[in-house]
Amino acid sequence: MRFFEYESRAIVAQAGIPVTEHGFATSAEQARAIAQEIGGPVVIKSQVLAGGRMKAGGVQFADTPEQAAGHAERVLRLEIGGHMPRGVLVDSRATVEHEYYAGVVWDGIRKRPVMLFSDMGGIDIEEVAEQHPDHVARGHFSTLRPFSDWQAKQVIASLGITGSALNRLTPILARLARLFLEYDMTLAEINPLGALPDGSIVALDAHMDMENEARPRQQALLAELGVGADETRQAREPTPFELAGEAVDAQDHRGVAGNVTEFDGNLGLVIGAGGGSLTLFDAVRAHGGNPANYCEIGGNPSVRKACGLAKLVLQKPGVDKIAVMMSIVSNTRVDIVARGVIKACVELGYDPAEKIAIFRIPGAWEEEGFKILDHYGVEYADRSVSLHEAARRAVEKIG
């Protein structure tokens, strides 16, 4: 889940990282009062969970409280990326001598978090890494052993930063890393991190993403920030197709048939949960396929739940065929998934042999499942066929 900038600022400040003087406003009058309290030039920032605020006009500069109120009134009515703002951040305009980037992200390949630091802040870190790779330093660290400030110092010093700047920047990156671990973040980013004329370092912006599964563990933080239990906090609002997927998964407690995300392709996917789903989705794309959706199925869902998910995908406009695939599992019954998917095809008037491009789910009761698939003439693959080969066959069927 994503946090708004004003919430990310609060998390950063709570971790002991200096921030500029700011306030959150939901009306023009509140913005005026905050600007009056700051007592100098301010920046009005739209609070939306979308990028491109500057280009869309969601960031405005004001020299007086009256200007701040006028800008806030307009920004509060401005839709950006399909989102209306939660409010505006009224931030003091600092005089910055140099901008840095500090971030911590999860490295899915190394299965460890990695610190990123650059002496070229204020622009996208991806752009810096591509055009100026020697200005980006990296350092992985353990989620099991205690974190040391020395690890952060090594990363920063590798860019040639020394002296008082190194001493001031080190605790900020170290606190960001500890914050990342403590709050189950997948992204903790400060861009830019500004060096002021007096030598102090302050966070001028912040972005935080937290694992969705961490919400029960982080109730105290979410309550402190006022995050509602029903807030999805995604980059966009869920589509009707995605909401229907949530309804399918909520039918009963058995298994998983959810995490549905909509795309514009023609190959519908009913794919294995967790890493298997991600692997299979990527494999379809790698073989030139156009997925119509992402989803997860597993953990022994009921026939009703498997049928509901398959029906949802089959009825999606543009879907020509569906691929039913999963990695090797020990508990999900192949016969139940087969019954559910074939039931969906039959009830919708489709020939399962034509509509199911491939069925590749090894696991419990697979012999019974394969008998069902044989009866309806559905092409299936056992565990001797790799996930990537199954994905290739499915894409080939689409042509």
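**Close-up 1. Buried residues of helix H11 in the predicted model.** Along helix H11, the residues that are buried are Lys-305, Ala-306, Cys-307, Gly-308, Leu-309, Ala-310, Leu-312, Val-313 and Leu-314. Because nine of the 12 residues of H11 are buried, this helix is largely enclosed by the rest of the structure. The helix covers residues 303-314, and at 1.5 Å a residue its 12 residues should span 16 Å, which agrees with the 16 Å that separate its end C-alpha atoms.

**Close-up 2. The loop that lies between strand E13 and helix H11, with Asn-300.** Asn-300 is found in this loop, where strand E13 comprises residues 293-298. The phi of Asn-300 is positive, at about 60°, although the residue is not a glycine. Most residues other than glycine have a negative phi, and most peptide bonds are trans. With a relative accessible area of 27%, Asn-300 is partly exposed.

Close-up 3. The relative accessible area of Asp-184 is 16%, so the residue counts as buried.

**Close-up 4. Packing of helix H12 with helix H14.** Helix H12 (residues 334-347) and helix H14 (residues 366-376) pack with their axes 7 Å apart and at an angle of about 25°. Since angles under 35 degrees count as roughly parallel, H12 and H14 are therefore roughly parallel to each other. On the side of H12 the contact is made by Val-334, Asp-335, Ala-338, Arg-339, Ile-342 and Val-346, and on the side of H14 by Glu-366, Glu-368, Gly-369, Phe-370, Ile-372, Leu-373 and Tyr-376. Sorted by class, the residues in the contact of H12 with H14 are eight nonpolar, one polar and four charged.

**Close-up 5. Aromatic pairs, with Phe-141 and Phe-147 as one example and Phe-370 and Tyr-380 as another.** A search of the whole structure finds seven aromatic pairs. Phe-141 and Phe-147 form an edge-to-face pair, with 5.0 Å from centre to centre and 75° between the planes, and Phe-141 and Phe-147 are both buried. Phe-370 and Tyr-380 form a stacked pair, with 4.5 Å from centre to centre and 15° between the planes. Because Phe-370 lies in helix H14 and Tyr-380 in the loop between H14 and helix H15 (387-398), the pair ties together parts that are 10 residues apart in sequence. Phe-370 is buried, with a relative accessible area of 10%, whereas Tyr-380 counts as partly exposed at 28% relative accessibility.

**Close-up 6. The ring cluster of Phe-4, Tyr-6 and Phe-24.** In this view, Phe-4, Tyr-6 and Phe-24 are linked into a cluster by ring pairs.

**Close-up 7. The buried residues of helix H4 and what they pack against.** In helix H4 (residues 65-75), the buried residues are Pro-65, Ala-68, Ala-69, His-71, Ala-72 and Val-75. The elements against which these buried residues of H4 pack are helix H2 (28-38), strand E2 (42-46), strand E3 (59-62) and strand E4 (88-92).

Conventions: Residues are numbered from 1 along each chain as its sequence is written. This is a predicted model: local features need pLDDT of at least 70, side-chain atom pairs count only at pLDDT 80 or more; totals for chains, interfaces and linings use all residues. Side-chain values use heavy atoms; hydrogens and water are left out. Axes are lines fitted to C-alpha atoms, for helices over the stretch in contact, and angles run from 0 to 180 degrees between N-to-C directions. Helices (H or I, at least four residues) and strands (E, at least two) are DSSP runs, numbered from the N terminus. Angles under 35 degrees count as roughly parallel, over 145 as roughly antiparallel, 65 to 115 as roughly perpendicular and the rest as oblique. Contact means heavy atoms within 4.5 Å. Ala, Val, Leu, Ile, Met, Phe, Trp, Tyr, Cys and Pro count as nonpolar, Asp, Glu, Lys and Arg as charged, and the others, Gly among them, as polar. The expected span of a helix is 1.5 Å times one less than its number of residues. Buried means under 20% relative accessible area, exposed over 50%, partly exposed in between (1.4 Å probe, protein chains only). Rings of Phe, Tyr and Trp (its six-membered ring) pair if their centres lie within 6.5 Å; planes under 30 degrees apart count as stacked, over 60 as edge-to-face and the rest as tilted.
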